[in-house]
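Thank you for making time this morning. I would like to walk you through one structure, and please keep the view open while I talk.

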Amino acid sequence: MHVETATFRLTVVSGPNQGQGFELDGLAPSRVLAGTSPACEIRLSDPLISRRHCAIEQTGRRLRIADLGSTNGTFVNGVEIVEAWLDGGENLLVGGTTFHVQKDPTAKTALLPARTMFGSVVGASEEMRKLYPLCERLAASSVPVIIEGETGTGKEVLAESLHAEGPRANGPYVVFDCTATPPDLMESAIFGHEKGAFTGATDTRAGVFEQADGGTLLLDEIGDLHINLQPKLLRVIQSMEVQRVGGARRRKVDVRVLAATRRDLDREVQAGRFRDDLYYRLAVARIELPPLRRRRGDISLLAKYFWSENENALPIPTELLQRLEDYEWPGNVRELRNVVLRHQALGDLARFERPLIADSPDALMAFSDPVGEIIHRLLPLAEARQEVIQLFEQRYLEHILAVNDGNVTRAAAAAGVARRYFHLLRAKYAAKNTPHE
């Protein structure tokens with residue numbers, strides 16, 4: 001697959017990193033992040049720049065830049081932007097740092113990999129083909145990897161593929177979902193326990209690190225791991241030694257650690273919900289899976305792939321493919337797969353269970369009902385419940401503040417919570433509603 005591209009160079013002309021330059025060749029495997037975080041490809045030392053300040057994505061011979069909810073904003077030629085296209089020649093201001101953007105005038109044609117799959121990951125779009133060389137290199141290594149992406153983009157599928165395509169393929173592959181285990185059982189599940197270590201510990205149990213010895217451990221939704229367990233997890237990752245709850249002996253393990261998250265971990269670090277030292281240890285490499293709405297051409301490919309899982313099925317109807325192409329897919333690949341399998345199972349009855357095409361009456365009803373929209377996305381129960389709770393808390397706070405004329409003291413008293421806790425909740429949802437840094 002050939003794509004027309006260009007080479008851009010971003011040169012710092014003012015700020016602490018003056019003189020430093022960054023080259024973008026159009027084959028970056030995902031959005032390039034600029035900020036002070038170790039996860040950023042364009043990493044700067046300017047204290048006025050946010051951890052994740054902005055994202056730069058090259059499409060063809062242009063750059064698309066998006067501010068990620070930075071504290072001090074992103075400006076192109078003096079104009080503050082949320083998102084903008086760059087053609088070269090512009091001055092880009094982030095925090096107290098100014099870049100000059102230059103484009104090589106020579107047109108180039110780049111050859112992307114011909115493959116349409118990596119392990120079990122399916123995709124022929126330009127966005128996915130750019131990822132495959134990076135995935136191949138990371139599969140061959142043993143470094144920790146953070147896989148980022150919206151819910152349903154296929155983070156767990158990619159993690160399993162990194163394991164299956166690498167030297168540990170014959171070893172165990174263990175998934176630990178940080179959202180699915182009750183907090184009081186989390187430590188035992190991760191590190192294991194000895195018989196009698198606590199009430200209900202009627203036998204000895206190996207934790208997920210021991211279970212994954214010689215293979216790979218995926219810490220799914222690592223951003224939801226309780227802050228109190230994070231230093232213990234960090235010690236295990238650094239030493240590769242596990243001490244079971246109630247045990248005295250340390251056991252050596254050989255585990256490759258992958259982590260997946262739908263959250264912006266830089267924002268979680270900034271909010272004090274995620275330890276920066278654990279983040280640095282995990283963020284040796286980063287893969288960002290694009291949402292399905294940005295994967296041009298992959299909807300039909302994926303629909304046909306999921307349909308073909310039933311070897312006895314007739315060809316997928318052309319009309320259905322067109323309807324699937326017209327939908328935005330907020331639940332991403334997981335939602336698409338569920339819809340395809342439902343149509344395959346129900347046949348003609350599926351017309352009453354159709355995906356919510358944007359202009360249909362069902363779509364208008366679902367999107368005017370936020371709880372209904374969450375349910376429609378077919379999330380796992382724990383994720384759906386958490387989103388509904390967060391939606392309720394946010395609306396409750398807005399309402400109780402409004403009826404008390406914005407007075408926090410009176411609103412906290414009316415809500416029956418401490419003023420400090422009320423402030424914490426407000427800060428939590430203020431951060432959640434701010435675009436990613």
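I will begin with a sheet and then turn to some salt bridges.

Please bear in mind that what you see is a predicted model. Five strands form an open sheet, with parallel pairing, and their order is β17-β20-β23-β16-β24. At the edges stand β17, residues 173–177, and β24, residues 285–288, and because each has a single partner strand, one side of each is left without a neighbour in the sheet. Neighbouring strands here are turned against each other by 20 degrees on average, if direction is ignored.

Across β16, β23 and β24 lies helix α2, residues 131–140, which runs at about 145 degrees to β24.

Now to the charged side chains: the structure holds 29 salt bridges. One of them pairs R262 with D224, whose closest N and O atoms are 2.9 Å apart, and this pair links distant parts of the chain, since R262 sits in the loop between β23 and α7 while D224, 38 residues away, sits in the loop between β20 and α6.

Elsewhere, salt bridges that share partners join R31, E41, R51, R52, E148, D264, D266, R286 and E288 into one network.

Key. Residues numbered from 1 in each chain as written. Predicted model: local features only at pLDDT ≥ 70, side-chain atom pairs only at ≥ 80, totals over all residues. Heavy atoms only, no water. Pairing = 2+ DSSP bridges. Helix = DSSP H or I, 4+ residues; strand = E, 2+ residues; numbered from the N terminus. Axes fitted to C-alpha atoms, helices over the stretch in contact; angles between N-to-C directions. Contact = heavy atoms within 4.5 Å. Salt bridge = Lys/Arg side-chain N within 4 Å of Asp/Glu carboxyl O.
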